[in-house]
Each structure stands twice: as C-alpha cells, then as structure tokens.
Amino acid sequence: MTGALITAAVDGSSLSNPGPAGWAWYVDDGCWAAGGWPSATNNRGELMGLLALLRATASAGLAARPLRVLADSQYVINSVTTWMPGWKRRGWRKGDGKPVLNSDLMRALDEALAGRPVTFEWVKGHAGHPLNEAADEHARAAATAYQAGTTPASGPGFDGVTGAETAVAARTFGPVPPAQSSLF
C-alpha cells in the first residue's frame with residue numbers, strides 16, 4: 001500500500017424505490033461526486049456510489065492508496081465482503097439458484113475491487129456522521145434533480161477526474177433491469 005489513507009462515504013437515494021434516484025461519494029467539500037437516473041432503486045444508488053468512488057480514485061491514479069469506505073448500507077458491505085465470492089463460484093447466482101440482483105453493478109464492483117486495498121466500515125445512517133450525512137445530501141439532491149427534470153450537481157470530483165466525468169461514466173448503469181425489479 002502506498003500513500004495516505006483515503007476515507008470516503010458512499011450513499012444512494014431513491015425517492016419512491018424505484019423512482020428518481022441518486023448516488024454520491026464524499027471525501028470533503030472539495031472532493032465529491034454525485035449522479036443518478038430518472039428511475040432506479042435505492043440499492044442501485046448505494047452500489048453506484050461505491051463503484052463511482054472506485055473508478056474515480058483509479059482514474060486519478062490512486063488505486064494503490066488504501067481506501068476506507070464508510071457506508072450506511074449493510075447490503076453494499078455484505079455484497080462485496082461476504083456474499084460475492086459465493087455468487088461468483090455459482091455463476092452469479094444466489095444460494096437458492098436465482099440470479100444475483102443488480103448483477104451488472106456487482107460484476108463491475110468485483111472488477112473495480114480486484115487488487116485494491118479497500119476496507120469497509122458501517123456507519124448508522126441519519127445519525128450525524130459528517131461524511132455520511134454529506135454523501136446522503138448529495139445523493140438525495142441528485143434524485144431530487146431527476147424528479148424535477150433538471151441536471152444534478154455532479155461535484156468537483158477527485159484529483160483531476162471531475163464529478164461530471166464520473167457521472168457520465170455511471171450512466172452506463174441505469175434503471176433496474178426488468179428481470180430485477182425487486183428492491184433487493
């Protein structure tokens with residue numbers, strides 16, 4: 001591991017689950033990004049916040065630096081730290097044989113996490129944690145912008161990778177695929 005630890009919060013928001021949705025990652029007021037879609041689930045927003053953070057740090061040449069990710073989503077943390085190895089062994093299927101939900105994002109996260117020094121820490125949502133609250137605020141603002149039919153603020157980004165570039169790359173992962181319309 002080279003370089004100082006990067007600590008960032010990730011979050012997602014969906015106004016009617018599924019509905020106008022947003023995602024965000026946040027390091028500080030000068031280093032964050034957000035985006036979203038006209039319709040997606042909260043879980044897709046949560047996962048996309050993490051994926052966007054991983055891609056932004058990699059694009060900024062910071063993939064070797066240790067990354068501490070704060071998330072209020074047990075779904076995100078368990079997906080990437082506990083469940084993913086089994087899903088991969090079973091061909092991206094759950095223990096019951098059904099396809100893994102949000103598998104497009106899960107596969108992209110698996111690729112983005114490969115070889116990265118990343119640790120995860122659960123933080124209680126809406127409990128005053130400054131980084132989590134800021135990520136939540138930006139994710140909700142993105143969802144609200146999509147609800148209003150406006151373009152969300154994309155943020156300054158990370159070390160030369162703008163928030164707008166991160167948001168454009170994230171649009172690949174849009175609404176819930178029809179076969180995966182469950183909230184989980």
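This is a predicted model: local features need pLDDT of at least 70, side-chain atom pairs count only at pLDDT 80 or more; totals for chains, interfaces and linings use all residues.
Colleague: Which pattern does the protein chain follow when read along the sequence?
Modeller: The chain contains 5 helices and 5 strands. Read along the sequence, these elements follow the pattern β-β-β-α-β-α-α-β-α-α.

Colleague: What percentage of the 184 residues in the protein chain is buried?
Modeller: The accessible surface of the chain comes to about 8,200 Å², with 54% of that area belonging to carbon and sulfur atoms. A residue counts as buried when its relative accessible area is under 20%. By that criterion, the buried share of the 184 residues is 52%.

Colleague: Are helix α1 and helix α3 roughly parallel or roughly antiparallel?
Modeller: Helix α1 spans residues 42-59 and helix α3 spans residues 103-113. Their axes come within 10 Å and cross at roughly 25 degrees. Angles under 35 degrees count as roughly parallel. The arrangement of α1 relative to α3 is therefore roughly parallel.

Colleague: What is the handedness of the crossing in which α1 passes α3?
Modeller: Two packed helices are described by the angle between their axes and the distance between the axes. As to handedness, the crossing of α1 past α3 is left-handed.

Colleague: How many residues of the contact of α1 with α3 are nonpolar?
Modeller: From α1, the contact involves Arg44, Leu47, Met48, Leu50, Leu51, Leu54 and Arg55. These meet Asp104, Leu105, Met106, Ala108, Leu109, Ala112 and Leu113 in α3. The contact residues include 3 charged and no polar ones, and the number of nonpolar residues is 11.

Colleague: Among contacts between residues at least 6 apart in sequence, what percentage joins residues at least 24 apart?
Modeller: A contact requires heavy atoms within 4.5 Å. Among such contacts between residues at least 6 apart in the chain's sequence, the share joining residues at least 24 apart is 72%.

Conventions: Residues are numbered from 1 along each chain as its sequence is written. Side-chain values use heavy atoms; hydrogens and water are left out. Axes are lines fitted to C-alpha atoms, for helices over the stretch in contact, and angles run from 0 to 180 degrees between N-to-C directions. Helices (H or I, at least four residues) and strands (E, at least two) are DSSP runs, numbered from the N terminus. Angles under 35 degrees count as roughly parallel, over 145 as roughly antiparallel, 65 to 115 as roughly perpendicular and the rest as oblique. A crossing is left-handed if the near helix is turned anticlockwise from the far one by less than a right angle, and right-handed if clockwise. Ala, Val, Leu, Ile, Met, Phe, Trp, Tyr, Cys and Pro count as nonpolar, Asp, Glu, Lys and Arg as charged, and the others, Gly among them, as polar. Buried means under 20% relative accessible area, exposed over 50%, partly exposed in between (1.4 Å probe, protein chains only). Accessible areas come from the Shrake-Rupley method with a 1.4 Å probe; for residues, only the protein chains shown count as cover.
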